[in-house]
Amino acid sequence: MEPTSDKNLDNLDLFILDILQRSSDISNAELGRRVNLSPPATHARIKRLVSEGYINRQVAILDQEKLGFDLLSFVFISTDIHHAEKLEVLEQNLVDMPEVLECQCLTGEFDYILKVANKDRRDLETFIRKLNKLGISRIQTTLALREVKQSTILPIIDSR
């Protein structure tokens, strides 16, 4: 397996990042064993990777369905807002909505795509009404029938 190249990262850094993105709760001792470093040296590398911004945060990924969020949708939105400050306000409103799991600014037909978790159709309707109050000119909602793949793992180790 050949690591991808980055000027500030060596192969060991990339292997550490790859292991952590797959299982962030691994102990420094176990991680060090896997990459052939002592636990203190492993800890120092992780601290550096965090301070340099390669690791943004470590989180637990929850099971949406077990927690009652049975409706996953992708909401495409367009806006007629073109003033930078008003767009910042719109984007901050989207960031502040707890139902929005992801928000991407797009090129093409729509301005944004939102990945939204709701408990049911009524909850989704309430969410769309909140969007309508933000100056959205067009909304298209697509419901996910089932999840085929969900991942947060970046392909930093080339497996060709």
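User: How many disulfides does a search of the whole structure find?

Analyst: This is a predicted model, and the search of the whole structure finds 0 disulfides.

User: How do you know that C103 is in no disulfide?

Analyst: The nearest cysteine sulfur to that of C103 belongs to C105 and is 7.7 Å away. A disulfide needs two cysteine sulfur atoms within 2.5 Å, so a pair must meet that cut-off to count. At 7.7 Å, C103 is in no disulfide. For C105 the nearest cysteine sulfur is that of C103, 7.7 Å away, and C105 is in no disulfide either.

User: Why is C103 called partly exposed?

Analyst: Buried means under 20% relative accessible area and exposed means over 50%, with partly exposed in between. C103 has 32% relative accessibility, so C103 counts as partly exposed.

User: What makes C105 count as buried or exposed?

Analyst: C105 has 57% relative accessibility. The cut-off for exposed is over 50%, so C105 counts as exposed.

User: Why is R121 called exposed, and where is R121 found?

Analyst: R121 has a relative accessible area of 70%. Exposed means over 50%, so R121 is exposed. R121 is found in helix α5, which covers residues 121-132.

User: How far apart are R121 and L71 in sequence and in space?

Analyst: In sequence, R121 and L71 are 50 residues apart. In space, their C-alpha atoms are 7.3 Å apart.

User: What share of contacts in the protein joins residues at least 24 apart?

Analyst: Among contacts between residues at least 6 apart in sequence, the share is 66%.

User: What is the radius of gyration of the protein, and what would a compact globule of 160 residues have?

Analyst: The protein has 20 Å, whereas a compact globule of 160 residues would have a value near 15 Å. The C-alpha atoms fill a box of roughly 55 × 40 × 30 Å along the principal axes.

User: What percentage of the residues is buried?

Analyst: Of the 160 residues in the protein, 29% are buried. To be in that group a residue must have under 20% relative accessible area.

User: Which pattern do the helices and strands follow along the sequence?

Analyst: The protein has 5 helices and 6 strands. Read along the sequence, the pattern is β-α-α-α-β-α-β-β-α-β-β.

User: How many side chains are positive and how many are negative?

Analyst: There are 21 positive and 25 negative side chains in the protein. The centres of these two sets lie 3 Å apart.

Key
Residues are numbered from 1 along each chain as its sequence is written. This is a predicted model: local features need pLDDT of at least 70, side-chain atom pairs count only at pLDDT 80 or more; totals for chains, interfaces and linings use all residues. Side-chain values use heavy atoms; hydrogens and water are left out. Helices (H or I, at least four residues) and strands (E, at least two) are DSSP runs, numbered from the N terminus. The radius of gyration is taken over C-alpha atoms; the globule rule is 2.2 Å times the number of residues to the power 0.38. Buried means under 20% relative accessible area, exposed over 50%, partly exposed in between (1.4 Å probe, protein chains only). Contact means heavy atoms within 4.5 Å. Lys and Arg count as positive and Asp and Glu as negative; His and the chain ends are not counted. The place of a charge is taken as NZ of Lys, CZ of Arg, CG of Asp or CD of Glu.
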